[in-house]
Amino acid sequence: PAAPRANGAATAMNVVVAPRDAFETLRVAPMWGWALLITVVLMAIGQYLSTPATVHAIQSSWPAMVSSNPALAGLSPDQQQRALDRVVAFTNWVWLFSIVYVFLGALITTIVMSIFKAIGRGDAGFKQLWCAAINVAVVSLGVYSILNGLIAVVRGAASYNSTADAYRAIPSLAWIVPHAGIKLTAFLAAFSVTGIWSAVLVAMAM
């Protein structure tokens with residue numbers, strides 16, 4: 001039978017408020033256009049809002065980065081400043097590449113879901129898993145980014161004095177170990193409110 005018509009925008013929003021209904025719809029009517037648009041817009045706005053905080057964190061932690069990196073430490077002060085200027089210039093425009101991050105994130109999620117589908121001998125096709133991944137990205141990337149951006153605005157850029165501060169902006173397990181190294185902080189930050197929420201959504205989708 002032909003797949004029933006469904007509203008892509010409503011389905012994407014249902015991922016947030018009624019995920020079981022959303023995934024049942026995607027099972028019989030796979031779609032991802034509206035979910036992609038919503039995610040990209042939310043992510044772009046969130047990254048734009050958090051850019052001043054990210055820039056301040058980079059500038060504040062730059063001396064420590066230089067001292068720990070032999071390649072940077074061997075440069076002259078002028079060369080080090082130019083390197084910092086390039087990093088800041090790129091950071092100021094990262095929000096324009098939101099669509100690239102959404103596609104890469106959804107692709108990775110789809111691959112992971114495909115692996116577990118094969119292990120569980122499921123019958124979902126790549127299109128269904130891809131559509132589910134894009135719709136989950138509304139939360140994992142869209143909601144996460146907009147929350148991160150709003151928190152950065154409320155806190156103020158001056159409160160971000162290191163990359164670790166940026167990782168700890170959203171409530172996560174990183175809060176439990178406030179003085180952890182950057183690698184451990186980045187790992188624990190993945191277990192955030194939106195990170196756990198997204199993992200549950202992926203499980204429901206499967």
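**Questions on a predicted helical model**

User: Among contacts between residues at least 6 apart in sequence, what share joins residues at least 24 apart?
Analyst: The model is a predicted one. A contact means heavy atoms within 4.5 Å. Of the contacts in the protein between residues at least 6 apart in sequence, the share that joins residues at least 24 apart is 66%.

User: How many helices and how many strands does the protein have?
Analyst: From the N terminus on, the elements run α-α-α-α-α-α-α-α-α-α. The count is therefore 10 helices and 0 strands.

User: What does the C-alpha trace span along its principal axes?
Analyst: The trace belongs to a protein of 206 residues. Along the principal axes, its span is about 70 × 30 × 30 Å.

User: How far apart are the mean positions of the positive and negative charges?
Analyst: The protein has 11 positive and 6 negative charges.

User: Which element gives the largest share of the lining of the largest pocket?
Analyst: The largest pocket has a volume of about 1,200 Å³. Its lining has 41 residues, and nearest its centre lie Gln47, Leu141, Tyr144, Ser145 and Tyr167. Elements giving two or more residues to this lining include α3 (33-68), α6 (98-119) and α7 (126-155). The largest share, 9 residues, comes from α7.

User: Is Ser145 buried or exposed?
Analyst: Ser145 is found in helix α7. Leaving aside neighbours within four places in sequence, Ser145 is in contact with Leu42, Met43 and Gly46. Its relative accessibility is 6%, and the cut-off is under 20%, so Ser145 counts as buried.

User: How far apart in space are Gly181 and Ala164, C-alpha to C-alpha?
Analyst: Gly181 lies in the loop between α8 and α9. With 45% relative accessibility, Gly181 counts as partly exposed. Gly181 and Ala164 are 17 residues apart in sequence, and their C-alpha atoms are separated in space by 8.1 Å.

User: Does Arg121 count as buried or exposed?
Analyst: Arg121 is found in the loop between α6 and α7. Its phi is near 55 degrees, a positive value in a residue other than glycine. The relative accessibility of Arg121 is 78%, and the cut-off is over 50%, so Arg121 counts as exposed.

User: What is the distance in space between Gly105 and Ser140, C-alpha to C-alpha?
Analyst: Gly105 has its place in helix α6. Gly105 is partly exposed, because its relative accessible area of 23% falls between the cut-offs of 20% and 50%. In sequence, Gly105 and Ser140 are 35 residues apart, while in space their C-alpha atoms are apart by 9.0 Å.

Note on methods:
Residues numbered from 1 in each chain as written. Predicted model: local features only at pLDDT ≥ 70, side-chain atom pairs only at ≥ 80, totals over all residues. Heavy atoms only, no water. Helix = DSSP H or I, 4+ residues; strand = E, 2+ residues; numbered from the N terminus. Buried < 20%, exposed > 50% of the residue type's maximum accessible area, 1.4 Å probe, protein only. Lys, Arg positive; Asp, Glu negative; His and termini not counted. Charge placed at Lys NZ, Arg CZ, Asp CG, Glu CD. 1 Å grid on protein atoms, 1.4 Å probe; cavity = no way out; pocket = protein on both sides within 12 Å on 5 of 7 lines; lining within 4 Å. Points joined across faces, edges and corners; volume = space filled by probe spheres on them.
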